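Biologist: Got the model open here. Can we go through it piece by piece?

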Amino acid sequence: MGICNIGAQCIYAHVKDQNFKRKGSTHHAQGRCKRGDKCKYSHLEKDIRELNLISPSITNDNSLEAYSATTSEVNFREWRYQIPGPDRVATARPLGIATPRFWQDALKLVSGDAGIVQETITLLASNGGCARILELVGQILHLGSDLRFPRIFNMQILPFFKTITHTNVTTSVILVSRLMTIYNILYGPDGERAVSLFAVVVQYLQTLTFNNGRAFSSLEALEMSLAAFGKLVEVNTLAQVHDGLKLIAESLELIFEDNAEATASVAFQPARRHLRRLQQRFCLGHAFGAMQGIEWFNNLHADE
């Protein structure tokens with residue numbers, strides 16, 4: 001607040017407007033705000049709509065479609081700043097506490113306009129984007145069976161899996177090569193990165209229950225993990241002859257066997273479809289046996 005020389009005799013109130021933050025940003029409505037979270041005006045959709053009703057000339061087109069497109073473009077510009085450019089990859093800081101929002105925003109972006117979807121995946125497949133993916137994988141492997149893992153899974157891993165398996169992404173012919181780059185990064189040297197990553201994920205899935213009030217979140221975790229693992233195996237033919245990944249697939253199969261009654265429901269149909277594809281690719285029956293799969297997981301994490 002400034003200084004008023006009139007004091008108590010001033011006809012205007014000398015208190016801070018409690019609704020100040022609620023006023024929409026005209027620059028954001030036009031797709032030109034560069035301040036992001038630091039902007040003193042609101043970027044919320046409802047506030048922008050109210051702003052547009054008061055001053056229809058603020059935006060070039062008052063239709064909801066035009067507003068949504070503008071919002072997506074602004075959100076994309078804000079999101080892309082978190083991906084380091086080619087000359088900054090080596091010196092870029094980790095996202096840290098901003099990691100959950102980064103992957104949640106990525107999921108929102110691939111759920112919208114086709115152009116934004118393509119730009120989002122193209123950036124994730126760039127050197128800077130791959131660095132963010134490796135940062136996430138590294139965090140997962142570092143935590144392992146840490147008590148914080150369920151929260152990390154739901155806030156970061158799940159939106160990441162949803163992003164790279166989203167229908168808008170997997171059905172785009174233009175994005176085939178970009179998507180392969182992302183999955184090859186997950187696969188890693190000789191497939192060992194994929195083995196380590198999904199071993200941790202499977203261990204978490206084995207702790208979930210599928211027949212109580214939290215069954216929906218457990219089902220979503222299982223389905224998205226199967227979708228991501230299945231896509232990795234699909235785009236990388238070497239994965240289909242990798243013994244470690246085959247044991248991962250068999251361990252996923254065991255989750256269904258151990259929860260046979262719950263996983264037989266209609267709700268699990270998409271998850272069962274992903275599992276059947278894995279069984280076909282790995283020629284799964286029970287060649288390795290349940291006990292061997294469990295012993296392999298125990299040995300993998302014996303030194304942790």
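Biologist: Where is Asn236 found?

Modeller: Asn236 is in the loop between α11 (215–235) and α12 (243–258). Helices here are DSSP runs of H or I with at least four residues, strands are E runs of at least two, and both are numbered from the N terminus. This is a predicted model, where local features need pLDDT of at least 70, side-chain atom pairs count only at pLDDT 80 or more, and totals for chains, interfaces and linings use all residues. Residues are numbered from 1 along each chain as its sequence is written, and side-chain values use heavy atoms, with hydrogens and water left out.

Biologist: Is Asn236 buried or exposed?

Modeller: Buried, with a relative accessible area of 9%. Buried means under 20% relative accessible area, exposed over 50%, and partly exposed in between, with a 1.4 Å probe and protein chains only.

Biologist: What does Asn236 touch?

Modeller: Asn184 and Tyr187, if residues up to four places away in sequence are not counted. Contact means heavy atoms within 4.5 Å. A polar atom of the Asn236 side chain also lies 3.1 Å from the backbone nitrogen of Leu238.

Biologist: Tyr187 is in α9, then. Which residues of α9 and α10 meet?

Modeller: On the α9 side, Ile185, Leu186 and Tyr187; on the α10 side, Glu192, Arg193, Ala194 and Leu197. By class, that contact has 5 nonpolar, no polar and 2 charged residues. Ala, Val, Leu, Ile, Met, Phe, Trp, Tyr, Cys and Pro count as nonpolar, Asp, Glu, Lys and Arg as charged, and the others, Gly among them, as polar.

Biologist: And how do the axes of α9 and α10 cross?

Modeller: At roughly 80°, coming within 5 Å; α9 covers residues 176–187 and α10 residues 192–205. Axes are lines fitted to C-alpha atoms, for helices over the stretch in contact, with angles from 0 to 180 degrees between N-to-C directions. The two helices are therefore roughly perpendicular, a label for angles of 65 to 115 degrees.

Biologist: Changing topic. Which residues touch the most other members of the largest nonpolar core?

Modeller: Phe229, Leu232 and Leu252, out of 74 residues. A nonpolar core is a set of buried Ala, Val, Leu, Ile, Met, Phe, Trp, Tyr and Cys residues joined through side-chain atoms within 4.5 Å.

Biologist: What is Leu252 in contact with?

Modeller: Leaving aside neighbours within four places in sequence, Val202, Leu205, Leu222, Leu226, Phe229, Leu275 and Leu278.

Biologist: Overall, how many helices and strands?

Modeller: 15 helices and 0 strands. Of the 304 residues, 44% count as buried.

Technical notes
Parallel < 35°, antiparallel > 145°, perpendicular 65-115°, else oblique. Polar contact = N/O pair within 3.5 Å; in protein donor to acceptor, adjacent residues only side chain to side chain.
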